[in-house]
Amino acid sequence: MNKKILAGPYLVWMIGFVIIPLALIVYYGLTDRSGAFTMANVLSITKPEHIKALMLSLALSFISTVICLLLAFPLSMILRNRGMGKGSFIVFLFILPMWMNFLLRTLAWQTLLEKNGVINGILTALGLPRQNLINTPGAIVLGMVYNFLPFMVLPIYNVLCKIDDNTVNAARDLGAGFWQTLIHIWIPLSLPGIISGITMVFVPALTTFVISNLLGGSKILLIGNVIEQEFMKSSNWNLGSGLSLVLMVFILISMALIAKYDKNGEGSTF
Amino acid sequence: MSQPLIDLVHISKTYDGTMVLDDLNLSVKENEFVTLLGPSGCGKTTTLRIIGGFETPDTGKVIFGGTDISKLPPNKRQLNTVFQKYALFTHMNIADNIAFGLKIKGKSKAYIDDKIKYALKLVNLEGYEKRTVDSLSGGQQQRIAIARAIVNEPKVLLLDEPLGALDLKLRQDMQYELIRLKNELGITFIYVTHDQEEALTMSDTIVVMNQGYIQQTGTPEQIYNEPENAFVADFIGESNIVPGIMLRDELVEIFGAKFACVDKGFGTNKPVDVVIRPEDIDLVEPEKGVLTGVCTHLIFKGVHYEMEVTTPDGFEWLVHSTDMCPVGKEVGIHVDPFDIQIMNKPASEDEEAVGTNE
């Protein structure tokens, strides 16, 4: 019995929904409307409005990733040290929102942050001035952190759980205090998980257009929004594909980082 | 070799309602090789972890060189630990592993380099500075773990079953290595093991523990030859533990036969437990023996034969001898007086755990 046949459905899926679309994007990205080869679509990233969108995307994703990391690492440390029973319940609480639709959760934030939304409602009830919350870069960062935090927590929690207590005890035994143990033991040993988490937050944050659409309004354009508009509004598939190719380079760089630091496949699976 | 360096005073420890250590008192002298020996769950590792600072006792104090260190975290204690599964830092090379403690203390680079060289030489692994942890065998990793601890010049080295993961031959080699190291360094070793042979080979003092109590403390000879209770006799080496009656000083009756012994002070006609080591039983002609029995079992063990001699009362005596006695043959049992060890019978099961002569 040839077991390769079992891979058939997956192969069909891969070809139909990954390989062919990718090839089409490369084709559209490197041709103009008449089908002739051109680099113009890719090079159009250098246009000021595209550069601005890309830079803003990079900046907001970077900030979100850093915030996620700063929240996730201490949290994972606490979860790990709680021991299995209590720890896994808190992990469960963390995964719980992930089961609800991503759009719904982001729409909920929209309701909270709106000019006449829940938060401003509470503020006015307390006699405080209304805050301009929605349609700001801050709102987008909030949305990204809220949506992608579990992707940072889980890989880090995973590697932290694999660190032997005695390795940490050995460091303390040799004279290391809390911070020295953190810097010389905890962080280096959890690096695969950290890298994994960074990639799993940074890449979706970089390419998102839904969060920026819902929480940034039309005022703030990320590179994801620009590409979306080229496809949906301008019907310029060639330009959209060209910009996608540029974005893909950034994603590939992230993947290369994973491959370099995450040799054992730790942290990437959960 | 006489100053008490570490004193454990009335230490108790409970985990989730289970008593692990109950009012434990232990004194360790300077430059002593002390072994905590006992079956798993006897509290020996917990005792070590309390000395190392990884556990806090519920009650009691840890006195180190005259000061109470019970509240000090591990990084503030002048002792170092060699952990059971080495616990090396896999993200560092060998030199960085050994240098870890010295770097934390902010020593100069020249001093650290000297120390690394010295430590690697001490554990016979010169030139391994740049190797990764993964490229070393278990025995080599264990030596690096020892090197990493001793470069810090601790007053006491705590070893938690350091040879447990090694194979037999390597374990024996490492036992001699450890004795040599201790003599060269002149520091106190506190060693935890469940392997009685390891304990007998290396220790100055053995502390036999069971169920959170110290059963007996003494030199290897005392522990082996004069076990204070049935647990110690049974745990250290193999032994025949038989009920007997102490007729008077220096005479004990076993299964109706009178054996001369050297023990005194038990009173007259007192029920006791008698310990006789299998190698101390001489098999003689039936008419020359104090007891007679039939050989029922015979196994060749290499150094000696292992035999079982069943006496008419049904007791199976374990006998080790270089002389072979075929199965089915009737033999006499003879034991020299100084090879008989008399113990008080435990008054209750609880007392069996505590030990009778405390």
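So, the second largest pocket: in chain A, α3 (48-81), α8 (165-173) and α9 (178-189) each give at least two residues to its lining. Helices here are DSSP runs of H or I with at least four residues, strands are E runs of at least two, and both are numbered from the N terminus. The largest share of that lining, four residues, belongs to α8(A).

Quick background: this is a predicted model, where local features need pLDDT of at least 70 and side-chain atom pairs count only at pLDDT 80 or more, while totals for chains, interfaces and linings use all residues. Residues are numbered from 1 along each chain as its sequence is written, chains are lettered from A and ligands numbered from 1 in the order in which they are written, and side-chain values use heavy atoms, leaving out hydrogens and water.

Back to our pocket, which holds about 440 Å³ of space. Lining it are 16 residues, and N81(A), D165(A), V168(A), N169(A) and R172(A) come closest to the centre. A pocket is an open set of points on a 1 Å grid over the protein atoms alone, where a 1.4 Å probe fits, with protein on both sides within 12 Å along at least five of seven lines; lining residues have an atom within 4 Å of a point. The volume is the space filled by probe spheres set on those points, which are joined across faces, edges and corners.

Okay, over to chain B. You'll find nine helices and 20 strands there. Its C-alpha atoms fill a box of roughly 75 × 45 × 40 Å along the principal axes. Of its 358 residues, 52% are buried, meaning under 20% relative accessible area with a 1.4 Å probe, protein chains only.

Terms used. Buried < 20%, exposed > 50% of the residue type's maximum accessible area, 1.4 Å probe, protein only.
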